[in-house]
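Please read it alongside the sequence and the coordinates.

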Amino acid sequence: MEIQLLRSAEVNESLLQDVVPILDFEPPFEVNTIPTPIPLDDVAESMGDRFLRMKTLRSDRRIADDCFLILLTSKPNTENWFSSFDSSERRNVFIQTNDWEHYVDCENKYAVAYGVLANCLQCLMFKSSEDFDWAHDPPIGCVNDMCSWKPDITLKMRTADICPDCLAKCEENDVVRKFLDQALPLMGKVREQTLFTASLQRKSPNRDLFPFPVAITARKLRQTREPLRRFLSLIDHFDSLIRTTTLMAARIYLPDSFDDFAVRNKLSLRPSLGIWLRGLQDLGRHQGLDGVTSADFQESFELIFRKAEEDKLVHIRNEKRAHGYIDVHDDSYKNNFDDYQQAISNITSILSKFFNAFWLIYVKQDDFISHGEACASGWRLMGDHPDFVQEEIRYNPKEWGSRPFVNHVYAVPQHGGAWFDLHNSIIYGKCPECEHNRVLMADGEQYLDPYGGHRVRLPQ
Ligand SMILES: [Zn+2]
Ligand SMILES: [Zn+2]
């Protein structure tokens, strides 16, 4: 029985190549790929239309009835589902290839592979959509969990199990049983990649592109499932995105007038999210920002301010976090969550250009070597794990006109050029609350430790 993987044109072929080895089936099952991709529109189509399209494709290509046809796509569907099988007898499945990172802490290929396994199993187990009403909602940690609340996906992936009722149903049919016998161990392998502990050993190159204060709140968000906590984590992540950007950009663009900027925007007291955003807007308007780096960040700062206003992000934040009572019903958070997440996800992609232009470097030591050359060494404060990579940067002090201060954190342009001192706005040192060395972010008169979630006053 064949499983054929197909992609839509915008999905990279390498994803197919990455997923196939994970689906390590033995006969009678085998996995193959269809080399030519199919074009899909940017406009969301309904799942029904998508399955019709696949049905035509099947007959055009004379794909056998018992063969699974799996479409991997990043194009949206109107129902906003991550994956589904066609419930009208045909073995058609589509799997979304993007946005998994908001819900599970593993590489995309594992989430997609899990989707293939689960949907093929469901195709075999359930003959019609009525039958699939059987799916568990709320989730119980079974492959047939509905997961209408998307963060629950992490639960079923981390259990990689099947409940006794579903198991009994599988045993009624020999083919289903045979498929399950192979699919369960494969799900187990995917599971190993999704465990929270697995992320401790793993370093994802992409995530290392973000400075630690932002990367860590993004990781906490991915690892939170319960609706209220997840909503609060999302808000924390948004706070951190805006605070980090404003502090870095102000130190980079206004190195000599940072204090004026802080006073003008009231950043010196106890700044709220709205105040940080206004600071960012101020930076967007400031003359003379261009030329620091080639990228035009000024426009993006203005754009972020406008988007946050349009989407009422500050209002929702204040309503849900600061002033409102906590709603006892999870649904109220679930309802807000998708919209809010989408808005923040858009803002993140606008900001990624800015974040990817600089490394955050903590200078621990700075020595003259020889021939007028110096070497600054310390930690690169990037990525979502506090075991930072050691960094050594050789430079010519004459070229720079100055040497970096030891114990200061710098924004170092990734493509070379002068460093920007972030001292007092972002520091690396002992958090008085947890007594560990942490990246600490200025928050008015106090500092935030985004790793421990502490708000602390530093000894003078
Ligand atoms: Zn079940
Ligand atoms: Zn701490």
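I427 has L440, in β12, as its bridge partner; here strands (E, at least two residues) and helices (H or I, at least four residues) are DSSP runs numbered from the N terminus, and two strands are taken to pair if DSSP finds at least two bridges between them. The model is a predicted one, in which local features need pLDDT of at least 70 and side-chain atom pairs count only at pLDDT 80 or more, whereas totals for chains, interfaces and linings use all residues. Residues are numbered from 1 along each chain as its sequence is written, and chains are lettered from A and ligands numbered from 1 in the order in which they are written.

The pairing of β11 with β12 is antiparallel and extends over five bridges. These two strands form a hairpin with six residues between them, and E435, in the turn, has a positive phi of about 60 degrees. Strand β12 (residues 437–443) also pairs with strand β13 (residues 446–449), again in the antiparallel sense, over three bridges, and in that strand, β13, Y447 is the bridge partner of A442.

Together, four strands make up an open, antiparallel sheet in the order β11-β12-β13-β14. Because β11 (426–430) and β14 (454–456) stand at the edges with a single partner strand each, one side of each is left without a neighbour in the sheet. On average, neighbouring strands of this sheet are turned by 35 degrees against each other, direction ignored, with axes fitted as lines to C-alpha atoms.

## Domains and their contact

The chain is divided into domain 1 (2–200), domain 2 (207–352) and domain 3 (359–456), with bounds that come from an automatic or database domain assignment. The centres of domain 1 and domain 2, taken over C-alpha atoms, are separated by 35 Å.

Between these two domains, 11 residues of domain 1 are in contact with seven residues of domain 2, contact requiring C-beta atoms, placed from the backbone, to lie within 7 Å.

## The chain as a whole

The chain has 16 helices and 14 strands, and its C-alpha trace spans about 75 × 60 × 40 Å along the principal axes. Among contacts between residues at least 6 apart in sequence, 61% join residues at least 24 apart.

Buried residues make up 38% of the 460 residues, a residue being buried if 20 or more other C-beta atoms, placed from the backbone, lie within 10 Å of its own.

Conventions: A residue is buried if 20 or more other C-beta atoms lie within 10 Å of its own, exposed if 12 or fewer, and partly exposed in between; C-beta atoms are placed from the backbone. Axes are lines fitted to C-alpha atoms, for helices over the stretch in contact, and angles run from 0 to 180 degrees between N-to-C directions.
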